[in-house]
Amino acid sequence: MSENPTAVRERGEPGVRQVQARVVATRTEGAYRYMTFAAPGVPALAKPGQFVALTVGGPTSALLLRRSFSIHAASPATEEGEEDILDLVIAPHAPGTEWLTSREVGDVVDLVGPLGRAFPIPREKVSCVLVGGGYGSAALFSLAMTLRDRGCRVELVLGAATKDKLFGAYKGDRYADGVTITTDDGSLGTKGWVSDVLPDLLTRTEAGVVYACGPMAMLESVAGICGQAGVVSQLAVEESMACGVGVCMTCVLPVVGNDGVTRMVRSCVEGPVFRGDRLRWDSIAGGRSVVPDDCLGAPVPAVPSTPVEGAEGLDREAMEPAGREDLADSAVGRPPETAGVTSSEVAGAEGDDTVEGER
Ligand SMILES: Cc1cc2nc3c(=O)[nH]c(=O)nc-3n(C[C@H](O)[C@H](O)[C@H](O)COP(=O)(O)OP(=O)(O)OC[C@H]3O[C@@H](n4cnc5c(N)ncnc54)[C@H](O)[C@@H]3O)c2cc1C
Ligand code: FES
């Protein structure tokens, strides 16, 4: 009811708002709840790829952490009497999302946003392929509109395990020049994964940029295919986020900067969009990332636990491994910027000659 195709282009001053968002409509779409909120001031600030963080459980809830959701559509009010509208697509998953998806029209939820860095937009009119997995597809529709407004050709690939977990399949052709559907079980479209159809699609469309949002395993295979094809990929990751605003460091991922150095960076503020070839996939597996040994600030290897001959008389300080002074200047526990890297270096957007960071 509230999607406004031009909304994401109507931008106000950059910033983040905390508002009491009121549910104005809610409906079921397959396995998801499509929820429409009146969120004063937020839609005008939102860009494709950004997200919002919502409190869950009510004022006395033990569910302390906010939950993050991609902005599906953002529609600032254009006339007196209209409301600023945000559309989210939410999968009931566990207590927080179950509480949220059971909200009814008129209920109010505390919302912070827009958060994170948006998808960079190509300077040239290149051919773009947008790949969405499950509810991850929701993040790509406003991007598709922005890209087409720029004159880019847009090809949409929507995949999910089953037909009911596909999002947006019925409306994809309104947003893209071509739509490919895949399901793992073949209940709609081509049977298989999005990665099965992607190589041919990249060749056929002569793609210059691939954008993707979905599960980490899907993003990894998209990055790999794009790497082989020599195509830039811009991926919106969904790392677990405890605060969503850059404070807690739970969302860190190993990312290679423009200088070739790997740093652990916060996906909520430096991301969630990263270039696929900058993510250290060798240290991200099964939804968990580890600090690569060559990462700036990586822990110094521990002292061997086997007794060292003649070391009995040494005190603990003397037993500390050499190089602790290096740790004092490490990226651990500090925002990456202060460790000598800027956000743009980390995301690889501004330094990229194919895309521009519209931020
Ligand atoms: C940028 C982003 C965009 C997203 N977009 C969507 C979307 O559009 N639609 C959608 O349905 N879902 C989306 N998600 C996933 C959604 O946030 C989760 O499904 C939701 O938080 C689950 O909440 P829950 O209470 O139901 O689940 P639970 O698993 O009970 O709780 C999740 C909570 O635990 C925290 N948590 C879990 N593991 C860790 C950890 N290792 N460290 C710190 N905290 C942890 C999470 O941060 C979160 O607050 C998105 C996530 C991110 C990060
Ligand atoms: S979620 Fe807390 S720093 Fe990113």
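A: A definition to begin with: two strands count as paired if DSSP finds at least two bridges between them. Helices (H or I, at least four residues) and strands (E, at least two) are DSSP runs, numbered from the N terminus. This is a predicted model, in which local features need pLDDT of at least 70 and side-chain atom pairs count only at pLDDT 80 or more, while totals for chains, interfaces and linings use all residues. Residues are numbered from 1 along each chain as its sequence is written, and chains are lettered from A and ligands numbered from 1 in the order in which they are written.

Q: Fine. In β13, what is the bridge partner of V131?
A: The partner of V131 there is A212. Strand β9 (residues 127-133) and strand β13 (residues 209-213) run parallel and are joined by five bridges.

Q: What order do the strands take in the sheet with mixed pairing?
A: That open sheet has seven strands, ordered β12-β11-β10-β9-β13-β14-β17. At its edges stand β12 (190-191) and β17 (273-275), each with a single partner strand, so one side of each has no neighbour in the sheet.

Q: And the sheet with antiparallel pairing, what order there?
A: The order is β4-β3-β7-β1-β2-β6-β5, again an open sheet of seven strands. β4 and β5 (73-75) are the edge strands, and each has a single partner, so one side of each is left without a neighbour in the sheet. From one strand to the next the twist averages 35°.

Q: How many bridges between β5 and β6?
A: Three, in the antiparallel sense. For A74, the bridge partner in β6 is L86.

Q: Now the ligand. Which residues come nearest to ligand 1?
A: L65, A94, G96, T97 and S240, out of 23 residues around ligand 1. A residue is near a molecule or strand if its C-beta atom, placed from the backbone, lies within 6 Å of it. The elements giving two or more residues to that shell are β4 (67-70), β6 (85-90) and α1 (95-101). The largest share, four residues, is from β4.

Q: What's the shell around ligand 1 like by class?
A: It has 13 nonpolar, seven polar and three charged residues. Ala, Val, Leu, Ile, Met, Phe, Trp, Tyr, Cys and Pro count as nonpolar, Asp, Glu, Lys and Arg as charged, and the others, Gly among them, as polar.

Q: Where does ligand 1 lie relative to the domains?
A: Between domain 1 (7-115) and domain 2 (116-295 + 332-359), because both give residues to its shell. The domain bounds come from an automatic or database domain assignment.

Q: Switching topic: at what angle do α3 and α4 pack?
A: Helix α3 (residues 194-205) and helix α4 (residues 216-229) pack at about 25°, with axes 10 Å apart. That makes α3 roughly parallel to α4, a label for angles under 35 degrees; over 145 is roughly antiparallel, 65 to 115 roughly perpendicular and the rest oblique. Axes are lines fitted to C-alpha atoms, for helices over the stretch in contact, and angles run from 0 to 180 degrees between N-to-C directions.

Q: Last one, the backbone. Is the peptide bond from G113 to P114 cis or trans?
A: The bond is cis, with omega near -5°, and P114 lies in strand β7 (residues 108-115). G271 and P272 are also joined by a cis peptide bond, with omega about 10°. P272 sits in the loop between β16 (262-266) and β17.
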